[in-house]
Amino acid sequence: MLVGGFAQLAGLGEHAHAAGLPHQQMQHEMATEVKIDNFSFSPATLEVKAGTKVTWTNADDIPHTVVSNDKIFKSKALDTDEKFSFTFEKPGTYPYFCSLHPKMTAKVVVQ
Amino acid sequence: MKKMEDEIKFDHNGDGIDRRGFLKCMAWAGTGTLCVMKGGVMKSFSLSRLGEIDPTAAAGELSFVQISDSHMGFNKPANPDVIGTLKAAIDKINALPGNPEFLLHTGDITHLSKPEEFDNVQEILKGAKVKEAFYVPGEHDVAIDEGKEYLERHGKGSKGAGWHSFDKNGVHFVGLVNVVNLKAGGLGTLGAEQLEWLEDDLRAKKSSTPIVVFAHIPLWSVYPEWGWGTEDSARALSYLKRFGSVTVLNGHIHQTMQKIEGNITFHTAASTAFPQPAPGKADSPGPMKVPAEQLRSVLGVTSVNFVRGQKALAVVDSNLK
């Protein structure tokens with residue numbers, strides 16, 4: 001009985017913590033960036049809300065591209081430190097890859 | 001002191017060349033040797049004594065060179081001077097006994113498909129003592145506008161994304177393009193149109209005609225995890241199977257590697273720009289940094305000699321030291 005009580009309290013505590021965060025900080029914590037490095041996209045799955053602008057930055061020492069499997073977006077060849085952005089208006093799952101190194105795959109999930 | 005790592009990629013004739021003769025030549029390869037088969041006899045020439053070599057003695061019936069992955073425009077720590085190392089490669093070619101007749105570039109000529117990058121390479125290659133140069137693109141050459149710049153400069157007489165064939169001294173050369181229309185998660189790809197063209201192109205050739213196929217990404221499965229292979233190469237290889245001598249020359253992996261399968265010898269060239277790790281020896285296949293004084297020993301050129309009557313071409317790699 002006591003254990004149950006503790007568990008409930010702990011649950012309440014977590015909710016309270018989340019609700020306590022200011023709105024702006026919550027927005028800032030939602031990732032909208034993808035880092036390209038070591039022949040990979042991170043995060044491999046990026047979840048964003050509809051209307052979000054996502055920015056890819058190439059931190060690798062070799063160029064990469066960001067190309068949607070369904071031809072919805074396509075970057076030029078990004079050299080080191082170059083960026084590409086795309087705003088996802090519609091919900092859905094958007095798999096993409098690097099057309100120079102097609103083994104590099106990832107996706108953006110838009111809610 | 002590190003020895004030069006010239007290697008002989010040898011043919012698998014089995015006629016007249018005894019294993020001991022081959023191994024003896026291999027031992028000399030460490031000092032920079034060109035081994036040429038002529039009339040069934042293996043001759044070797046030390047590259048350090050070039051001045052003493054009679055060019056006709058060193059030549060087979062046809063000799064040419066392959067360079068690859070010059071990545072003009074690359075300027076990161078792995079090699080801040082790709083212009084200098086490309087020039088060193090040309091110097092190496094010009095020092096080979098009996099000037100090779102032509103040069104094959106197996107792609108990634110440029111780093112970012114930029115016009116000035118193509119310009120720079122063309123300018124530097126003018127210094128090579130060869131009569132002509134033939135190209136196939138790498139994925140870095142077709143990164144803008146689906147390869148428009150590449151085709152304008154090097155696509156004359158070619159079809160589709162730049163595939164073409166030509167004949168020299170009875171040897172049939174086929175340049176294939178396996179770097180366009182790459183699919184997510186995939187490897188290199190030739191595509192149905194090119195494969196149909198290839199089948200047609202080879203149809204009239206006698207099986208005794210030596211064939212040399214050159215393409216950027218390896219046509220055999222070197223390391224699929226890193227995209228080092230071509231999805232539909234099996235079909236291409238099936239058209240090549242009936243020929244008595246097939247040499248496949250590739251680039252892309254920035255290191256020399258070879259494989260022999262029946263009558264087909266597969267060979268990849270080193271880059272003239274930067275090395276890459278051996279399969280699986282790093283997290284990813286990116287530029288590999290080596291101590292500056294070792295850089296030129298892991299870059300290189302490949303020279304190929306054909307002697308009529310021999311089944312396979314003699315392929316020799318030289319580094320840029």
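## Strand pairing in chain A

Six bridges join strand E7 (residues 92-97) of chain A to E8(A), and the two strands run antiparallel. Strands here are DSSP runs of E with at least two residues, numbered from the N terminus, and two strands pair if DSSP finds at least two bridges between them. Within E8(A), Thr105(A) is the bridge partner of Phe97(A).

Strand E8 (residues 105-110) of chain A is also joined by four bridges to strand E3 (residues 45-48) of chain A, in parallel orientation. Opposite Glu47(A) stands Val109(A) in E8(A).

## The open sheet

An open sheet of four strands in chain A has the order E3-E8-E7-E5, with mixed pairing. E3 and strand E5 (67-68) of chain A stand at the edges with a single partner strand each, so one side of each lacks a neighbour in the sheet.

## Chain B

Seven helices (H or I runs of at least four residues) and 14 strands form the secondary structure of chain B. Of the 321 residues in chain B, 50% are buried, that is, 20 or more other C-beta atoms, placed from the backbone, lie within 10 Å of the residue's own. Among contacts (C-beta atoms, placed from the backbone, within 7 Å) in chain B between residues at least 6 apart in sequence, 69% join residues at least 24 apart.

## Basis of the model

The model is predicted: local features need pLDDT of at least 70, side-chain atom pairs count only at pLDDT 80 or more, and totals for chains, interfaces and linings use all residues. Residues are numbered from 1 along each chain as its sequence is written, while chains are lettered from A and ligands numbered from 1 in the order in which they are written.

Conventions:
A residue is buried if 20 or more other C-beta atoms lie within 10 Å of its own, exposed if 12 or fewer, and partly exposed in between; C-beta atoms are placed from the backbone. Two residues are in contact if their C-beta atoms, placed from the backbone, lie within 7 Å.
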